[in-house]
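Dear colleague,

I am handing over the structure that we talked about, and below it you will find my notes on what was found. Please read them with the model open beside you.

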Amino acid sequence: LAGPVEGVLVFFQASQRAKDLNGTYRLRPGKVNSRPVYALRRKHIVHLSDGNWAIKDGDGGEAGGYVHAYCNDKAVEPFDVRQPWFVLADVGGYVEDTYGRLEPGTRL
């Protein structure tokens, strides 16, 4: 898909911690690592300097910080990734969310 969107819809199911990330993340001003940033309260969808899309606390693009979910993909938008998302498991570590997805919201 091309062009900016107003928001990104997040649908995860692999764990309760992953489900807690679900919702509509709204486009924020500016870019990080040449890509858009979306936010829902304190959580941000941001492309990290290590090449991963992530949902993390804060909008910094550096690797590190508290990462709730990640996807090793260099797509321009988080809903265009081709690689799987990994989300926090309910008991330690990350687990692949086979049916999890991000979808574009309303176009600007």
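A word that returns below is contact, which is counted when heavy atoms lie within 4.5 Å. Please keep in mind that this is a predicted model, in which local features need pLDDT of at least 70 and side-chain atom pairs count only at pLDDT 80 or more, while totals for chains, interfaces and linings use all residues. Residues are numbered from 1 along each chain as its sequence is written, and side-chain values use heavy atoms, with hydrogens and water left out.

The chain as a whole

The chain holds one helix and nine strands, where helices (H or I, at least four residues) and strands (E, at least two) are DSSP runs numbered from the N terminus. In sequence order these elements give the pattern β-α-β-β-β-β-β-β-β-β. The chain has a radius of gyration of 12 Å, close to the 13 Å that the globule rule gives for 108 residues, so it is as compact as a globular protein of that length; the radius is taken over C-alpha atoms, and the rule is 2.2 Å times the number of residues to the power 0.38. The C-alpha trace spans about 40 × 25 × 25 Å along its principal axes.

Of the 108 residues, 42% are buried, and here buried means under 20% relative accessible area, exposed means over 50%, and partly exposed is in between (1.4 Å probe, protein chains only). The accessible surface of the chain comes to about 5,700 Å², and 51% of that surface belongs to carbon and sulfur atoms; the areas come from the Shrake-Rupley method with a 1.4 Å probe, and for residues only the protein chains shown count as cover. Among contacts between residues at least 6 apart in sequence, 40% join residues at least 24 apart.

With 62% relative accessibility, Ser 34 counts as exposed.

Strand β3 (residues 35-40) is mostly covered, since six of its six residues are buried. On its way to strand β4 (residues 43-47), β3 is joined by three bridges in an antiparallel arrangement. Here Tyr 38 stands opposite Ile 45 in β4, and Ala 39 has His 44 in β4 as its bridge partner. The hairpin of β3 and β4 has two residues between the strands. Arg 41, in the loop between β3 and β4, has a positive phi of about 55° although it is not a glycine, and its relative accessible area of 69% makes it exposed.

Strand β4 is also mostly covered, with four of its five residues buried. Five bridges join β4 to strand β5 (residues 52-57), and these two strands run antiparallel; Lys 43, for instance, has Asp 57 in β5 as its bridge partner. The hairpin of β4 and β5 has four residues between the strands, and Gly 51 takes a positive phi near 95° there.

Which residues does Tyr 25 touch, leaving aside its neighbours within four places in sequence? They are Glu 6, Gly 7, Val 8, Val 10, Tyr 38, Ala 39, Leu 40, Lys 43, Ile 45 and Ile 55. Tyr 25 is found in strand β2 and is buried, with a relative accessible area of 0%. Tyr 25 and Gly 7 are 18 residues apart in sequence, yet 5.3 Å apart in space from C-alpha to C-alpha.

Ala 18 is found in helix α1 (residues 16-19), and at 0% relative accessibility it counts as buried. Not counting residues up to four places away in sequence, Ala 18 touches Phe 12, Val 87, Leu 88 and Asp 97. The C-alpha atoms of Ala 18 and Val 87 are separated by 5.8 Å, although the two residues are 69 apart along the chain.

With kind regards

Note on methods:
Pairing = 2+ DSSP bridges.
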